[in-house]
Amino acid sequence: MASRIASRLLRRSNATLGLIRSYSHARNYSSQLSALIPIGSQSSKLTRRYYLPNASPYQLWSRSFASDNGDQVEAVVPFMGESVTDGTLANFLKKPGDRVEADEPIAQIETDKVTIDVASPEAGVIEKFIASEGDTVTPGTKVAIISKSAAPAETHVAPSEDSTPKETPPKAEETKPKVEEKSPKAEPPKMQAPKPLPSKTSPTEPQLPPKERERRVPMPRLRKRIANRLKDSQNTFAMLTTFNEVDMTNLMKLRSDYKDEFVTKHGVKLGLMSCFVKAAVTALQNQPIVNAVIDGDDIIYRDYVDISVAVGTSKGLVVPVIRDADNMNFADIEKGINALAKKATEGALSIDEMAGGTFTISNGGVYGSLISTPIINPPQSAILGMHSIVQRPVVVDGNILARPMMYLALTYDHRLIDGREAVYFLRRIKDVVEDPRRLLLDI
């Protein structure tokens, strides 16, 4: 009996010793863990993380990141398109302390092609900006921290600004007489001011304007893209320009006769651009080589017509595309041009709306240009330049008459298009514009 009691006591003592050892290990582990995570840290919650291989082309980011209390969210750069990898933070539309609503733009990202807005993921107040203007950002880059419960900071700034100027004027008035008393004593240094040394030392050197009258600013990404594309076009194409002039009398009479009925039926004004687009479509169908493009050692003939229309904006020149212009009538073309021009001025054009295009029309006449030599828009092979309409004396049936005339310019890639095809192409546009009835009769 005594031996059984002794064995039980021995087992209990071993179990107690094991618990003590396990407790010491747990205490040691907890002390190591507390050394890694400081007390009072807000990042004490466990988070789930996903990892991708280093060579994976995909990147993951979240639309917003919440803190422990769920009060703060972070606005990040959105996806900018398949062919756009980064952009420049152009400017902030808001400032710290402003109240923003969900999906309200707070910043603008300028890429090589379009301008993209960074929207607030939730309603709240902007605490601070993480990025700065001019930074190069990629999709997923954090831009701002937004608090969902904070109040706008503008109400607290107003009283401090009102109180400070009230105290400053009397101090300024007290200091003024003191300065006036010392001013007559400061006359000797004024005697040393006139020094005619610069003019005597270098009389033959040109007088350059001072550096203080110059400003150096970084070039926007869109302007860089335009500059590179134009220079690449000059270095790649063997560009040649041919000219012609067109009498706008019949087209302008057609427009004035039916403009009211056209607006009543279609809800859009009848402009000159739609007629030139239709004329370009028929010319491209008659001369398919102008609608083609060189690709390496091959020539790609395109059996569709996508007309690019050059639109000038405050940020630079953009060229949106009218898809399948050969299947459109005058009203569809006018509606498409108006919609694209509105998006271009608002900076809301997408990359898909500017991609592609088989032929470009540029109307410099809206700015008063009389004649010019447009540059080809790669990867196209030709571009038509329209100009201003001017009353000029012309010979009609042996009589000298004043007619509204416009110069047309066609710049083409001479590697692919010969002069004969280019002249026939431009002559076809001239014939259709001077007699629009050819479009109806297809002659």
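These are my notebook entries on what I looked up in the predicted model above.

**Ground rules**

I number residues from 1 along each chain as its sequence is written, and I leave hydrogens and water out, using heavy atoms for side-chain values. Since the model is predicted, local features need pLDDT of at least 70 and side-chain atom pairs count only at pLDDT 80 or more, while totals for chains, interfaces and linings use all residues.

**Entry 1: the core**

I began with the largest nonpolar core, which has 68 residues. A nonpolar core here is a set of buried Ala, Val, Leu, Ile, Met, Phe, Trp, Tyr and Cys residues joined through side-chain atoms within 4.5 Å. For burial I used relative accessible area: buried is under 20%, exposed is over 50%, and partly exposed is in between (1.4 Å probe, protein chains only). In soluble globular proteins, nonpolar side chains tend to be buried together.

Which residues have the most contacts inside this core? I listed Ile 106, Phe 276, Ile 307, Phe 359, Ile 361, Leu 408 and Ile 429. Helix 7 (residues 273-286) supplies the largest share of this core, 9 residues. I took helices (H or I, at least four residues) and strands (E, at least two) as DSSP runs, numbered from the N terminus.

I then followed Phe 276. Leaving out residues up to four places away in sequence, Phe 276 touches Met 248, Leu 251, Ile 361, Met 386, Met 406, Leu 408, Ile 429 and Val 433. Contact means heavy atoms within 4.5 Å.

**Entry 2: salt bridges**

How many salt bridges does the structure hold? I found 15, each being a side-chain nitrogen of Lys or Arg within 4 Å of a carboxyl oxygen of Asp or Glu. Side chains of opposite charge can pair when their charged atoms come close.

I looked at one between Asp 247 and Arg 403, whose closest N and O atoms are 2.8 Å apart. This pair links distant parts of the chain, with Asp 247 in strand 9 (residues 239-247) and Arg 403 in strand 19 (residues 399-413), 156 residues apart. Asp 247 is buried, at 13% relative accessible area.

Another joins Lys 343 to Glu 353, with the closest N and O atoms 2.7 Å apart. Lys 343 lies in helix 8 (residues 330-346) and Glu 353 in the loop between helix 8 and strand 16 (359-363), so this pair ties together parts that are 10 residues apart in sequence. Lys 343 is partly exposed at 32%, whereas Glu 353 is buried at 19%.

I also checked Asp 413 and Arg 415, whose side chains meet in a salt bridge (2.8 Å, N to O). Asp 413 is buried, with a relative accessible area of 1%, and Arg 415 is partly exposed at 43%.

**Entry 3: two sheets**

Strands of a sheet pair through backbone hydrogen bonds, either parallel or antiparallel. I counted two strands as paired if DSSP finds at least two bridges between them.

Strand 6 (residues 124-129) and strand 8 (residues 142-147) are joined by 4 bridges, and Ile 126 has Ile 146 as its bridge partner in strand 8.

Another open sheet of 4 strands has the order 5-4-2-7, again antiparallel. Its edge strands are strand 5 (115-119) and strand 7 (136-137). I saw 2 bridges between strand 2 (residues 87-92) and strand 7, where Gly 87 is partnered with Val 137.

Most residues other than glycine have a negative phi, and most peptide bonds are trans. I noted a cis peptide bond between Pro 378 and Pro 379, with omega about 5 degrees. Pro 379 is in the loop between strand 16 and strand 17 (382-386).

Asp 103 has a positive phi near 65 degrees and sits in the loop between strand 3 and strand 4 (105-110). Asp 397 has a positive phi of about 55 degrees, and its loop runs between strand 18 (390-396) and strand 19. Is Asp 397 buried or exposed? I have Asp 397 down as exposed, with a relative accessible area of 76%.
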